[in-house]
Amino acid sequence: MIKKCLKVVLFITLISFVGCQKDDDYETISVESGEELLGGSTTVFNASEEAFGFAASQLTFEERAAFGTGNSFFRQSWVSAPASTTARDGLGPFFNAVACASCHFKDGRGRPPSFDGETARGLLLRLSTDGFASDGSTLPDPIYGHQLQDNAILGQTVKGNFTITYQDITEYFADGTQVVLKKPVYNIATPGYGNLTSGIRISPRLANQIIGLGLLEALEEQTLLNLADPNDMDGDGISGRPNYVHDIAKNKTVMGRFGWKANQPNVKQQVAAAFSGDMGITSVLFPNENCPPGMDCDAIPNGGSPEITDSNLDKVALYASTLAVPVQRDFKNQNVLKGKKTFNAIGCANCHIPKLQTGNTHPIVALRNQTIRPYTDLLLHDMGNDLADNAPDFLASGTEWRTPALWGIGLLNTVNKSTFLMHDGRARSIEEAILWHGGEAQVSKSNYKKLSLQNRKDLLQFMNTL
Ligand code: HEC
Ligand code: HEC
Ligand SMILES: [Ca+2]
Ligand SMILES: [Ca+2]
């Protein structure tokens with residue numbers, strides 16, 4: 001017996017000795033089984049330009065049918081009332097785009113306008129003034145409301161347009177490399193209904209890819225609370241905290257998960273808010289049109305009250321909840337694995353949490369009990385002054401943003417032919433996105449700038465497999 005043990009000990013020592021001999025660069029990094037299934041068993045095996053458009057597998061027959069209907073409401077253009085297509089009329093009077101898919105092209109991401117006055121491709125401006133309403137939301141501009149719609153139906157004056165100017169910020173790496181970032185400054189031009197209120201706060205928001213959202217909704221609240229560390233008790237410089245927002249259907253305050261400031265509690269309300277704010281389509285959750293005071297909105301033909309039925313709204317919400325997450329590519333490539341190791345080592349994974357488990361109560365059974373790799377904690381983090389919009393949103397301050405999920409990020413260029421990252425698309429590449437990190441993420445950004453060129457390449461190669 002003793003002899004046998006000794007043999008084992010000897011064997012182990014030998015292995016660890018050989019291990020020590022290896023240069024770190026040649027170390028083999030192992031892959032966890034199922035690691036590439038970013039969306040658990042709902043993952044789709046497709047990396048084409050259609051990659052974001054598939055339904056999660058294992059939906060029921062009824063759910064698949066609803067997904068199909070939701071898909072058509074998402075893609076097709078809405079028209080102003082009255083119209084022969086009564087299921088899709090009621091656009092406006094004020095709107096940013098005529099279809100969800102105009103901003104979330106192929107269920108993916110928008111981009112900033114490429115010239116002044118270009119119609120919306122997915123970047124819009126939220127508006128707010130000092131103070132909060134009784135439900136905890138910020139107060140709107142008294143004339144223009146919560147959002148600048150840069151489009152109007154025929155016969156109505158447009159609320160206004162915006163222009164962007166850019167300031168250069170140069171970042172220097174330890175090895176001498178320089179990268180010039182473009183910081184956008186937003187100006188509202190030609191306001192159609194008089195001046196905006198003085199001190200108006202502008203929060204630019206870019207349309208993000210809408211894959212895997214039901215999985216994020218299916219995470220238990222406690223799972224996210226366990227990641228929160230509002231007073232940074234563990235002293236790592238990171239103090240994520242949840243947003244708490246108004247759930248209209250429940251008429252109570254709940255944890256926020258969706259939107260760049262976690263300002264929406266669930267997919268359905270996010271979708272209804274998009275119908276209302278982005279397209280001027282009323283619903284049970286948002287029954288009123290967005291009209292400047294004094295304008296007789298009732299005199300403008302509408303598409304019914306509400307303009308989208310609750311049953312159709314549910315179908316679009318189901319659609320937006322069950323778009324599948326594509327599988328990770330090249331996940332066994334050693335450079336990719338080294339990049340993953342660096343991602344963890346320099347602190348990226350402290351906010352972009354690699355692995356989470358969904359709960360067992362989501363109404364869509366396929367989304368329950370899934371091991372997912374979203375690379376987010378859905379919490380708010382202070383990201384520093386350069387990224388700040390100075391516009392609070394419920395509990396989120398003017399410098400706080402929600403950690404976005406990173407799944408799908410390596411496919412944006414395939415699906416949308418561009419990679420515009422961060423809340424307003426200011427970063428034109430993954431490296432630029434990293435360089436925009438500040439505040440709680442300052443340390444991991446500084447760590448990145450100290451990496452060798454090869455280690456940076458590996459990290460970016462890893463990001464591109466997500
Ligand atoms: C004018 C452009 C535009 C249109 C049209 C639009 N969206 Fe969006 N969408 C956005 C922006 C911008 C955000 C980020 C909002 C925020 O941060 O509050 C967003 C966010 C979302 C999200 C949340 C994503 C996340 O990760 O948190 C969902 C879901 C969504 N949109 C669905 C829809 C649906 C469904 C429609 C059609 C009813 C639609 N959108 C129409 C611009 C648009
Ligand atoms: C303190 C938390 C935190 C840390 C640490 C952190 N991030 Fe982020 N990350 C965020 C937040 C919050 C955003 C969104 C900021 C915004 O939209 O303005 C973000 C955005 C991103 C984006 C753009 C995502 C998109 O959808 O546009 C990428 C890519 C990214 N992070 C990668 C990294 C990498 C790589 C590291 C390590 C070097 C890192 N992050 C470290 C919180 C963090
Ligand atoms: Ca309408
Ligand atoms: Ca901490």
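Mentor: A polar side-chain atom of His352 lies 2.9 Å from a nitrogen atom of ligand 2. The model is predicted: local features need pLDDT of at least 70 and side-chain atom pairs pLDDT 80 or more, while totals for chains, interfaces and linings use all residues. Residues are numbered from 1 along each chain as its sequence is written, chains are lettered from A and ligands numbered from 1 in the order in which they are written, and side-chain values use heavy atoms, without hydrogens and water.

Trainee: What makes the approach of His352 to ligand 2 a polar contact?

Mentor: A polar contact is a pair of N or O atoms within 3.5 Å; within protein, one must be able to donate a hydrogen and the other to accept it, and residues adjacent in sequence count only if both atoms are side-chain atoms. The distance from His352 to the nitrogen atom of ligand 2 is 2.9 Å, so the pair qualifies. Oxygen atoms of ligand 2 also take part, at 2.6 Å from a polar side-chain atom of His423 and at 2.7 Å from a polar backbone atom of Met422.

Trainee: Which residues coordinate the calcium ion (ligand 4)?

Mentor: Asp229, Asp232, Asp234 and Asp236 each give an OD atom and Ile238 gives O, at 2.2 to 2.4 Å. Donors are N, O and S atoms within 2.8 Å of the metal (3.2 Å for Na, K and Ca), so these atoms count; water is not among the atoms, so sites may look incomplete. Along the chain, the donors follow the spacing D-x2-D-x1-D-x1-D-x1-I.

Trainee: Why is Asp229 called buried, and why is Asp236 called partly exposed?

Mentor: Buried means under 20% relative accessible area, exposed over 50%, and partly exposed in between (1.4 Å probe, protein chains only). Asp229 has 14% relative accessibility and therefore counts as buried. Asp236, at 36%, counts as partly exposed.

Trainee: Which residues touch the most other members of the largest nonpolar core?

Mentor: They are Phe275, Phe343 and Trp407, in a core of 85 residues. A nonpolar core is a set of buried Ala, Val, Leu, Ile, Met, Phe, Trp, Tyr and Cys residues joined through side-chain atoms within 4.5 Å. Not counting residues up to four places away in sequence, Phe343 touches residues including Cys348, His352 and Tyr375; contact means heavy atoms within 4.5 Å.
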